[in-house]
Amino acid sequence: MHQGSGLSPLLFVIVMEALFTFTEAIKYCNNLGSNVYSAFLDASKAFDKVLHIGLFLKLIKRNVPIAFVKLLKNWYSRLSCMVKWNGKLGTAFPILCGVRQGGILSPFLFSIYVDDLISSLRQCGYGVYIGNLFVGCVVYADDIVLLSVSCFGFQKLMDVCESYSGLWDIKFNPAKSQVVCFGSGNNQFCDIYLNGSAVPVVDKVKYLGVYFERKSRQCDISQGLYQIL
């Protein structure tokens, strides 16, 4: 992971902050003798499913200048798409939801869109805390990780995500999501369900370009192996 990866300097800093929060939370709990159950959620076509009206309301709620909200509304109300088949273009149709893939603003807009999810997870009373600081959810754009030290609390976090997804049309795919239990002691695996299906348990997972292994407590960055915990 480096600045030559195509990320802007600001996004690079945000990615590194997410990785730091994730690894330090695991280290903190492991040092106290607790395993950490981690769920890496796959939000299917998350950017494409953002409800425009919902996004604008969330921006206004955060006291974003109304002129900027109107500008975004003007931009997104003009989006259209056409299907090209055998060299011929079909009739244009409007795009009524989603933020543009690859857009500079898109990760920030999506983060605002799911910010209420983080608040709901914090308010449920489960997940990892460092002192009074809630670190039971680490988010960068649509890369969402849940952290808990108990199976019961872990499932409660998943239930909150399931409820939120129904309200805001964010579909979490249990088949493509993954669960890892990090800890130096005996790993107690638990069956975790999302949308009625069990989430696969794995020994190694990739998050924000970094590979994390359950047993070694190491990560593989750009083909190099570095001790970070």
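Author: At 68% relative accessibility, N86 counts as exposed. That residue sits in the loop between β3 (84-85) and β4 (88-89), and its phi is near 55°, a positive value in a residue other than glycine. Most residues other than glycine have a negative phi, and most peptide bonds are trans.

The model is a predicted one. Its chain has 6 helices and 16 strands. Of the 229 residues, 40% count as buried. The chain exposes about 12,600 Å², and 55% of that comes from carbon and sulfur atoms. Among contacts between residues at least 6 apart in sequence, 64% join residues at least 24 apart.

Now the helices. Two packed helices are described by the angle between their axes and the distance between the axes. On the α2 side the contact involves H52, F56, L59 and I60, which meet I66, V69, L72, K73 and Y76 of α3. By class, these residues divide into 7 nonpolar, 1 polar and 1 charged.

The loop between α2 and α3 holds N63. Its phi is near 65°, again a positive value in a residue other than glycine. N63 has a relative accessible area of 69% and is exposed.

Helix α2 has another partner, helix α4 (residues 106-113), and here the packing angle is about 80°, with the axes 9 Å apart. That angle makes α2 roughly perpendicular to α4. From α2 come G54, L55, K58 and L59, and from α4 come L109, I112 and Y113. The contact of α2 with α4 has 5 nonpolar, 1 polar and 1 charged residues.

Helix α4 leads on to two other helices. F108, whose number falls within α4 (residues 106-113), is in contact with I14, as is Y140, leaving aside the neighbours of I14 within four places in sequence. I14 lies in helix α1 (residues 9-31). With a relative accessible area of 24%, I14 is partly exposed. The C-alpha atoms of I14 and A141 are separated by 9.9 Å, although these residues are 127 residues apart along the chain.

Helix α5 (residues 115-123) is the other one to look at, and its buried residues are L117, I118 and L121. Seen down the axis of α5, they fall within an arc of 100°, so they line one face of the helix. An α-helix has 3.6 residues a turn, so residues three or four places apart point the same way. The buried residues of α5 pack against β7 (133-134), β8 (137-140), β9 (143-148) and α6 (151-168). Just after α5 comes G125, with a positive phi of about 90°.

Technical notes:
Residues are numbered from 1 along each chain as its sequence is written. This is a predicted model: local features need pLDDT of at least 70, side-chain atom pairs count only at pLDDT 80 or more; totals for chains, interfaces and linings use all residues. Side-chain values use heavy atoms; hydrogens and water are left out. Axes are lines fitted to C-alpha atoms, for helices over the stretch in contact, and angles run from 0 to 180 degrees between N-to-C directions. Helices (H or I, at least four residues) and strands (E, at least two) are DSSP runs, numbered from the N terminus. Angles under 35 degrees count as roughly parallel, over 145 as roughly antiparallel, 65 to 115 as roughly perpendicular and the rest as oblique. Contact means heavy atoms within 4.5 Å. Ala, Val, Leu, Ile, Met, Phe, Trp, Tyr, Cys and Pro count as nonpolar, Asp, Glu, Lys and Arg as charged, and the others, Gly among them, as polar. Buried means under 20% relative accessible area, exposed over 50%, partly exposed in between (1.4 Å probe, protein chains only). Accessible areas come from the Shrake-Rupley method with a 1.4 Å probe; for residues, only the protein chains shown count as cover. The arc is that of the directions from the helix axis to the C-beta atoms.
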